[in-house]
Amino acid sequence: MNSTARPRTTQRLSGKVSLITGIGGGQGREAAVRFAAEGATVVGCDINGAAAKETLAAVRDAGLDADIDSGDVDLGDPEQARLWVQGAAERHGQLDVVYNNGSAARVGSIADLSIEDWRFTIRNELDLVFFVTKYAWPVLIRSGGGVVINTASAAGWIGNRSVPFVAHMAAKGGVIAMTRQLAAEGGPVGIRAVSISPGTIVTPGTAEVLAVPEVRDALVAQSLIPRLGMPADVVSLAVFLASDEAGYITGADFVVDGGLTAV
């Protein structure tokens, strides 16, 4: 099987209600299809409602179904986050998995990044993880526990000479730190918390950066595995972490970067 093929499913998420944010494309779309195929009840949304509809179509094309909001849901707004989580809990009666995948960043160096772009990135990569998790937390407890999976980034671990990611790096470093604290607070109430730190993954969010051949080539050259990552590389790990097979794993960050951070 090649690295981008979709693995055979095992129904390892049967009976689990899984919130997945940023479901409109890339890792979120892959997660919607994979989690549903593994037996989860998938509840998803995206800031781009039209893209979310396309994901629902992809899930149905796979012979599956999901509860995907067709409107534009801005989880960087705490009230929209609260209403979305509350609605999911009311419809399904429980929450078992919170997969904080959604994010949006603006690129710039410390010298050039505007204050507006800094605040945009922190809002859409750090604040929204806090909001969704905050409102899901009591529901997870009432459901008997569960797992929070946060999408961080290799950018939370290392600097990058190819792309000036100062705000993105600060936000994703914050996600990794927040995850560890969530694990500490979640242990006594049966909630696990983990993060995944992808390297360069081919998604709609990275399309603009990867469209520059020099940048793309430089990013590939920095990895021990000489290719860019694909959404399936990340989501395959997320499926395992969401399952009961990972029941003794919490407070850890898992790097999926082709060896970028190893050198």
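Student: What radius of gyration does the protein chain have, and why does it agree with a compact globule?

Tutor: Happy to start there! The radius is taken over C-alpha atoms, and the globule rule is 2.2 Å times the number of residues to the power 0.38. With 263 residues, a compact globule would come out near 18 Å, so the chain agrees with its own value of 17 Å.

Student: How far can I trust the model, and what is its mean pLDDT?

Tutor: This is a predicted model, where local features need pLDDT of at least 70 and side-chain atom pairs count only at 80 or more, while totals for chains, interfaces and linings use all residues. Residues are numbered from 1 along each chain as its sequence is written, and side-chain values use heavy atoms, leaving out hydrogens and water. pLDDT is the predictor's confidence in each residue, from 0 to 100. In the protein chain, 97% of residues reach 70 or more, and the mean is 93.

Student: Which residues does D67 touch, beyond four places away in sequence?

Tutor: D67 is found in strand β3, residues 67-72; strands are DSSP runs (E, at least two residues), numbered from the N terminus. From D67 to R91 is 24 residues in sequence and 9.6 Å in space, C-alpha to C-alpha. Leaving out residues up to four places away in sequence, D67 touches V42, V43, G44, R91 and H92.

Note on methods. Helix = DSSP H or I, 4+ residues; strand = E, 2+ residues; numbered from the N terminus. Contact = heavy atoms within 4.5 Å.
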